[in-house]
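Work through the exercises below with the model open beside you. Try each task before reading its solution.

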Amino acid sequence: MSLISEKTYGLSPGTQVRKEDFGLLFYTMKGPRLYFLPSEDFLDPSFFSGDCPLGRAVQQNGISPETADTMLKKFEKSIAQLLAKGVIHEC
């Protein structure tokens, strides 16, 4: 697994997240702006409390390690973009 799998993330101040059919939708008061994370059912909004590493959160869905690794690679770019835009932060 990649380094991203070991990190925990939290919502930046003024940001909310909610689950939609297509993944997670982030709303930030800075702007306002909407951001999307194509997480399907692999991540829940509660993940962004900063309590659980990303890799463990993905694996808790009862999927194989290979599928979890594929999902983490898929999330890597989106997580980096959310970090760069100040929507989330590393805990």
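Predicted model: local features only at pLDDT ≥ 70, side-chain atom pairs only at ≥ 80, totals over all residues.

**Exercise 1. Describe the largest nonpolar core: how many residues does it hold, and which of them touch the most other members?**

Solution. Step one: count. The largest nonpolar core has 22 residues. Step two: pick out the members that touch the most others. These are F26, L37, L43, L54 and F75. Step three: trace the elements. Those giving two or more residues to the core are strand 3 (23-28), strand 4 (33-37), helix 1 (54-59) and helix 2 (65-84). Helix 2 gives the largest share, 6 residues.

In soluble globular proteins, nonpolar side chains tend to be buried together.

**Exercise 2. Go to the surface: which residues form a nonpolar patch with about 330 Å² of accessible area together?**

Solution. Step one: name the members. The patch consists of Y27, M29 and L34. Step two: take L34 and locate it. L34 belongs to strand 4. Step three: check its accessibility. L34 is exposed, because its relative accessibility is 57% and the cut-off for exposed is over 50%. Step four: compare L34 with L37. Both lie in strand 4. Yet L34 counts as exposed, whereas L37 counts as buried.

**Exercise 3. Find the salt bridges: how many are there?**

Solution. The count is 5 salt bridges. Side chains of opposite charge can pair when their charged atoms come close.

Step one: K7 and E90. Their side chains meet in a salt bridge, 3.5 Å from N to O. This pair links distant parts of the chain, 83 residues apart. K7 is in the segment before strand 1 (9-11), and E90 is in strand 5 (residues 88-90). K7 is partly exposed, because its relative accessibility is 31%. E90 has a relative accessible area of 43%, so E90 is partly exposed as well.

Step two: K74 and E40. Their closest N and O atoms are 2.8 Å apart. K74, at 38% relative accessibility, counts as partly exposed. E40 is partly exposed too, with a relative accessible area of 37%.

Step three: K73 and D69. The closest N and O atoms of this salt bridge are 3.4 Å apart. Both residues lie in helix 2, 4 residues apart, which is about one turn of the helix. K73 counts as exposed at 55% relative accessibility, while D69 counts as partly exposed at 22%.

**Exercise 4. Return to E40: what is its phi near?**

Solution. Step one: read the angle. Phi of E40 is near 50°. Step three: recall the setting. E40 is in the loop between strand 4 and helix 1.

**Exercise 5. Examine two threonines, T15 and T28: where does each lie?**

Solution. T15 is in strand 2 (residues 15-20), and T28 is in strand 3. Step two: check accessibility. T15 is buried, because its relative accessibility is 9%. T28 is buried, with a relative accessible area of 2%.

Step three: list contacts, setting aside residues within four places in sequence. T15 is in contact with F26, Y27, T28 and V87. T28 touches G14, T15, R33 and Y35. Step four: inspect the T15 side chain. One of its polar atoms lies 3.4 Å from the backbone oxygen of V87.

Conventions: Residues numbered from 1 in each chain as written. Heavy atoms only, no water. Core = buried A, V, L, I, M, F, W, Y, C linked by side-chain atoms within 4.5 Å. Buried < 20%, exposed > 50% of the residue type's maximum accessible area, 1.4 Å probe, protein only. Patch = residues over 30% accessible without salt bridge, like charges linked within 9 Å, V, L, I, M, F, W, Y side chains within 5 Å. Areas by Shrake-Rupley, 256 points an atom, 1.4 Å probe, with all protein chains shown as cover. Salt bridge = Lys/Arg side-chain N within 4 Å of Asp/Glu carboxyl O. Polar contact = N/O pair within 3.5 Å; in protein donor to acceptor, adjacent residues only side chain to side chain. Contact = heavy atoms within 4.5 Å.
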